[in-house]
Amino acid sequence: MDAARVGVITFPGSLDDRDAARAVRLAGAEPVSLWHAEHDLQGVDAVVLPGGFSYGDYLRAGAIARFAPIMTEVIAAARDGLPVLGICNGFQVLCESHLLPGALLPNAGLHFVCRDQRLRLDNTSTAWTGEYRSGQELVIPIKNADGRYVADADTIDELETSGRIVARYLDVNPNGSQNDIAGITNEAGNVVGLMPHPEHAVESLTGPSADGLGFFTSIVKRLVNA
Amino acid sequence: MRGAAVARVVVDVMLKPEILDPQGQAIARKLPQLGFEGVPAVRQGKRFELELDGPADEAALERARKIAETLLANPVIETFEVHAL
């Protein structure tokens, strides 16, 4: 059987596209490089929006990337069920695209935060988290300046009651996110936004753990069983 | 030579009042050290000055509003106001 094909978009200013592609490969799928300026998803089975500072994060983080040519296709396909994972800057782009509710603002402490962060996985029913146990604790790097998740009270309430908070910060809240939110999903569970970087925790040699690999093996397993 | 009409329109973007503005807070905390007492709060926003082809009429303001709600402001977290300069 052919390997699942997972697209990784490169925007001008993306930093973690290569690490994301490597994580996809380690999970057993074929990474497919996608270019922001094209209107072609090349028939991929899922898409990763990587971390970085797309278009310099001018105006607001992710605000200009949201209007990149390829986002027209990503937004339409995501609404039709294509699995999409946005990591850090990718999460910001997904919020700016309104594929996910809320927004990500400058960290409450006003500092760039870079640390190995303990998390708890609270939703294992998304396309990207099926390989984890509910309540599982992970250690994954976080590195952001604009990681403070905010949404209005009704949205937070809706996310909480419907179990759409995918991951929460443990020990410390590094950026002032409401309800310690580190990641959320859309109603259908195909779109996930995550502020920590699982692609930097896929091998013990280069990461604090291999705890992040599960996001990528989850999508591979989901696609194989689809 | 008379140039073509250009409307100058200002778009002011502010975080919604309920959203924490740590930059504004940092500024407010600094002020007493500089001798500016009695400033309990500062909120920091963004100002855009647009030049739009055509006269500075209601249609120009409407175009600026459209630009603001599409790109300049994120309605999830921000509000905006437009006025001619």
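Q: Two strands pair if DSSP finds at least two bridges between them. In this predicted model, how do you know that β10(A) and β11(A) pair?
A: They are joined by 3 bridges, and at least two are needed, so they count as paired. The two strands run antiparallel, and I184(A) stands opposite G193(A) in β11(A).

Q: What makes β10(A) and β11(A) a hairpin, and which residue in the turn has a positive phi?
A: The two strands form a hairpin with 5 residues between them. In that turn, G189(A) has a positive phi of about 85°.

Q: How do you know in which sense β4(A) and β11(A) pair?
A: Here 4 bridges are found, in the parallel sense. With at least two as the cut-off, they therefore count as a pair. Along this pairing, V84(A) stands opposite V191(A) in β11(A).

Q: What about strands β9 and β10 of chain A?
A: Strand β9 (residues 165-169) and strand β10 (residues 181-185) of chain A share 3 bridges in the antiparallel sense. R168(A) stands opposite I181(A) in β10(A).

Q: Why is the pairing in the sheet of chain A called mixed, and which strands belong to that sheet?
A: The sheet is open and has 9 strands, in the order β2-β1-β3-β4-β11-β10-β9-β6-β7, with mixed pairing.

Q: What makes β2 and β7 of chain A edge strands?
A: Each of them, β2 (30-35) and β7 (137-144), has a single partner strand, so one side of each is left without a neighbour in the sheet. From one strand to the next, the twist averages 25°.

Q: Which helix packs on this sheet, and which strands does the helix touch?
A: Helix α2 (residues 69-79) of chain A does, touching β1 (5-10), β2, β3 (46-49), β4 (84-87) and β11 (191-194) of chain A. The direction of this helix makes about 125° with that of β4(A).

Q: Which way do the residues of β11(A) point, and are they buried or exposed?
A: V191(A) and G193(A) point one way, V192(A) and L194(A) the other, and all are buried. Being buried takes 20 or more other C-beta atoms within 10 Å.

Q: Which residues of α5(A) are buried, and what covers them?
A: The buried ones are G214(A), F215(A), F216(A), S218(A), I219(A) and R222(A). Their cover includes β1, α1 (17-26), β3 and β4 of chain A.

Q: Turning to chain B, how many strands form its open sheet, and what is the pairing?
A: There are 3 strands, in the order β2-β1-β3, and the pairing is antiparallel. β2 (46-53) and β3 (78-84) of chain B each have a single partner strand, so they stand at the edges.

Q: How do you know that β1 and β3 of chain B pair?
A: Strand β1 (residues 6-15) of chain B is joined to β3(B) by 7 bridges, and at least two are required, so they pair. V11(B) stands opposite V82(B) in β3(B).

Q: What makes up the side of chain B that touches chain A?
A: In the contact, 9 residues of chain B meet 11 residues of chain A. Helix α1 (residues 22-30) of chain B gives the largest share of the chain B side, 3 residues. By class, that side has 7 nonpolar, 2 polar and no charged residues.

Methods:
Residues numbered from 1 in each chain as written. Chains lettered and ligands numbered in written order. Predicted model: local features only at pLDDT ≥ 70, side-chain atom pairs only at ≥ 80, totals over all residues. Axes fitted to C-alpha atoms, helices over the stretch in contact; angles between N-to-C directions. Contact = placed C-beta atoms within 7 Å. Buried ≥ 20, exposed ≤ 12 C-beta atoms within 10 Å, placed from the backbone. Nonpolar A, V, L, I, M, F, W, Y, C, P; charged D, E, K, R; others polar.
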